[in-house]
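Here's a quick tour of how this fold is put together. Have the sequence and the model open side by side as you read.

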Amino acid sequence: MTDAFSLPPEAAEPHLHVAARTLELLRTVPAFADRYAGHPGPVRGLDELAALPPLLKDDLNTALAHLEPRSETAATWLFQSGGSTGAPKVGYAPTGFYMDGVHAHWRALDRDDVFANAWGAGRMWGAHFLAAALADRAGCRVIALGSITREEYPDWLAFLADRGVTAIGGTPSVLRLWFAHARAAGLKLPALRKVLWLGEAWQPQLEEDLAAVAPQARRWGMFGSTETWVVGTNTPDCPADTFHPLPEQLVHAGPDGLLDFTTLNPEMLNPVLRYRTGDAGELADCPCGRPGRSFRVLGRRDNVVQVRGLGLHVDELVARAEREPGVSRAQVVVTEDGGRATGVEVLLLAGPGAAVDAAALRAELLSGTFTLSTAFQHDPEHVTVRVTDALVSNDRTGKTASLVVREAAADAPAPGAAS
Ligand SMILES: [Zn+2]
């Protein structure tokens with residue numbers, strides 16, 4: 001069982017006192033009175049750790065509401081940790097956001113860089129501040145860009161080119177907007193060498209735009225969540241879905257194919273003990289040759305949505321739509337009425353100036369997707385494919401999920417699984 005962890009027992013066990021302390025904290029949460037009853041602790045070995053029940057996002061928020069952790073040495077920041085309805089769920093971090101550990105193992109930025117931080121700032125989003133803390137360690141120049149509107153791209157792109165920007169960072173959906181606009185306008189960022197990303201899976205279509213706009217640029221990825229903070233990183237030599245965990249992060253691949261994370265960092269404020277982000281994955285050897293075990297992220301398990309009793313694989317549908325010439329991004333919107341799917345719509349964002357044959361794509365998706373052709377056998381008109389100006393975004397988290405589920409009666413769509 002211990003080979004399902006990213007660290008061997010001899011490397012992990014000297015730090016398991018942190019997990020034991022987290023367990024003691026979780027035990028004080030009244031709602032968890034029964035949860036850990038059969039686990040007297042302390043956690044001395046990886047087998048004991050693997051026997052603990054995993055924590056989900058709601059569990060962690062229940063714990064945080066009771067524990068209300070505060071940093072001993074710095075301000076305590078509250079950030080959004082997702083959740084699709086109601087008030088934002090909250091994760092905590094001290095100033096610095098644990099980026100010392102990231103900088104020690106991942107030199108994506110150095111002193112000579114001019115770094116454009118294009119993660120949105122405000123609304124309790126963490127990534128902008130986390131990237132700023134990394135830039136602070138690197139001692140580079142920083143342009144705190146944040147999010148901009150569609151009309152502003154040409155002017156800002158020209159500014160970034162003038163400033164000789166060497167690095168940019170954002171979620172892949174935001175980066176795609178930047179590079180698609182630059183490509184459409186014939187603008188280049190000749191000094192750009194590094195594209196930092198975090199928050200969503202890398203989008204292979206970015207490579208095409210990068211080749212035209214910034215041919216020297218390479219991707220540098222971080223993987224994590226507002227609960228775990230940065231768990232792992234990769235470099236241009238690694239596959240985009242493979243990450244090297246930081247030594248203070250213990251990654252476990254469960255028998256059900258889901259990853260969970262346990263912090264070994266005594267400064268961590270969130271009680272991260274076998275915390276599941278919802279990402280499926282496995283431990284792997286990275287072809288870059290860096291020693292130690294890495295992990296491969298295989299997408300979100302919750303991206304299978306039930307449609308009339310059949311599982312619809314959202315990622316597969318989106319990937320097929322995005323292979324269509326002219327399509328820059330796709331999104332699946334499932335409309336439900338009282339829990340039953342009344343329709344499935346595939347929204348397409350076309351590349352600048354591209355013409356997309358939505359009718360032909362619809363015919364292909366309908367005939368080629370078992371769940372759609374079977375579930376909508378008698379009312380295929382409720383499967384639609386449409387080109388749109390904007391996909392449905394979650395205003396609170398700033399992310400554009402590949403799946404949106406909405407109630408037929410509701411005016412506003414509720415963000416779906418990957419919010
Ligand atoms: Zn690697």
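## The cores

The largest nonpolar core takes in 84 residues, a core being a set of buried Ala, Val, Leu, Ile, Met, Phe, Trp, Tyr and Cys residues joined through C-beta atoms within 7 Å. "Buried" needs 20 or more other C-beta atoms within 10 Å of a residue's own, with C-beta atoms placed from the backbone. The residues with the most contacts inside this core are L134, I168, W178, F179, V195 and L273. Apart from it sits another core of 26 residues, including V346 and L361.

L134 touches M99, V102, H103 and L109, leaving aside residues up to four places away in sequence; a contact means backbone-placed C-beta atoms within 7 Å.

Keep in mind that this is a predicted model: local features need pLDDT of at least 70, side-chain atom pairs count only at pLDDT 80 or more, and totals for chains, interfaces and linings use all residues. Residues are numbered from 1 along each chain as its sequence is written.

## The sheet

An open sheet of 11 strands runs β4-β3-β5-β6-β7-β8-β9-β13-β12-β11-β10, with mixed pairing. Strands are DSSP runs of E, at least two residues, and helices are runs of H or I, at least four, numbered from the N terminus; pairing takes at least two DSSP bridges. β4 (141-144) and β10 (249-253) are the edges, each with a single partner strand, so one side of each has no neighbour in the sheet.

β7 (residues 218-225) and β8 (residues 229-233) pair antiparallel over 4 bridges.

## Helix α9

In α9 (residues 205-213), the buried residues are L206, D209, L210 and V213. They pack against α8 (172-185) and β6.

Note on methods. Buried ≥ 20, exposed ≤ 12 C-beta atoms within 10 Å, placed from the backbone. Contact = placed C-beta atoms within 7 Å.
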